[in-house]
Amino acid sequence: MIKPESKLWHNIRDNIKNVEWTRFENWAVPGVPDVHGICKGVNVFIELKITKNNKLNLSPFQIAWNYKHILNGGRAFIIALTISRTALCVLPCSSIRSIASKGLEAKPVYTYKIPLNQQDWTEIHELLFHSPFPAIPKE
């Protein structure tokens with residue numbers, strides 16, 4: 001039986017086209033996101049989450065990795081699927097601290113109702129690779 005996170009990964013890989021995707025097994029380096037994608041020279045890291053409620057259960061390593069990555073101009077997102085499979089949520093890690101404390105109630109969050117259509121996947125592709133999120137300020 002395929003785990004829900006693996007199913008989410010397969011949906012992303014199969015529906016967001018023209019991207020060179022790599023899925024990492026993160027046992028070696030704590031905090032590194034699950035997925036890397038590159039499209040026309042733009043790199044994106046994605047942490048995959050399955051949630052029963054609004055909480056996303058980010059480890060301190062995941063928070064730190066994403067924070068440092070964003071501070072250095074990188075692009076990173078969390079894509080969360082609700083366990084009830086009613087929504088797919090995309091959260092930019094430029095607000096990683098808010099995401100860590102508020103989960104799916106953090107802003108901004110981009111929510112798509114399941115099942116997604118091709119227009120939804122096209123919008124997610126644009127969000128991941130072309131959205132203009134400002135870098136978070138250094139403390």
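These legends go with a set of close-up views of one predicted model. Local features are shown only at pLDDT of at least 70 and side-chain atom pairs only at pLDDT 80 or more, while totals for chains, interfaces and linings use all residues. Residues count from 1 along each chain as its sequence is written, and side-chain values use heavy atoms, with hydrogens and water left out.

**View 1. The six-stranded sheet.**
Here is an open sheet with the strand order β1-β2-β3-β4-β5-β6 and mixed pairing. β1 and β6 (110–113) sit at the edges with a single partner strand each, so one side of each has no neighbour in the sheet. From one strand to the next, the twist averages 20 degrees. Strands here are DSSP runs of E of at least two residues, and helices are runs of H or I of at least four, numbered from the N terminus. Two strands pair if DSSP finds at least two bridges between them.

**View 2. Strands β2 and β3.**
β2 (residues 35–39) and β3 (residues 42–51) run antiparallel and are joined by five bridges. Look for H36, which stands opposite F45 in β3.

**View 3. Helices on the sheet.**
α1 packs on the sheet and touches β1, β2, β3, β4 (76–82) and β5 (87–92), with its direction at about 145 degrees to that of β3. Helix α4 (residues 118–130) lies across β1, β2, β3, β4, β5 and β6, and runs at about 165 degrees to β6. Contact means heavy atoms within 4.5 Å. Angles run from 0 to 180 degrees between N-to-C directions, using axes fitted to C-alpha atoms, for helices over the stretch in contact.

**View 4. The largest pocket.**
This one holds about 160 Å³ of space. Helix α1 (residues 4–15) gives the most to the lining, with five residues. Other parts of the lining include L81, R85, L88, I114, P115 and W121. By class, there are eight nonpolar, two polar and two charged lining residues. A pocket is an open set of points on a 1 Å grid over the protein atoms alone, where a 1.4 Å probe fits and protein lies on both sides within 12 Å along at least five of seven lines; lining residues have an atom within 4 Å of a point. The volume is the space filled by probe spheres set on the points, which are joined across faces, edges and corners.

K17 sits in the loop between α1 and β1 (20–23), and its side chain reaches the backbone oxygen of D14 at 2.5 Å. N18 is in the loop between α1 and β1 too, and has a positive phi of about 60 degrees although it is not a glycine.

**View 5. Two cis peptide bonds.**
K107 and P108 are joined by a cis peptide bond, with omega about -5 degrees. The bond from I114 to P115 is also cis, with omega near 0 degrees; P115 lies in the loop between β6 and α4.

Key. Ala, Val, Leu, Ile, Met, Phe, Trp, Tyr, Cys and Pro count as nonpolar, Asp, Glu, Lys and Arg as charged, and the others, Gly among them, as polar. A polar contact is a pair of N or O atoms within 3.5 Å; within protein, one must be able to donate a hydrogen and the other to accept it, and residues adjacent in sequence count only if both atoms are side-chain atoms.
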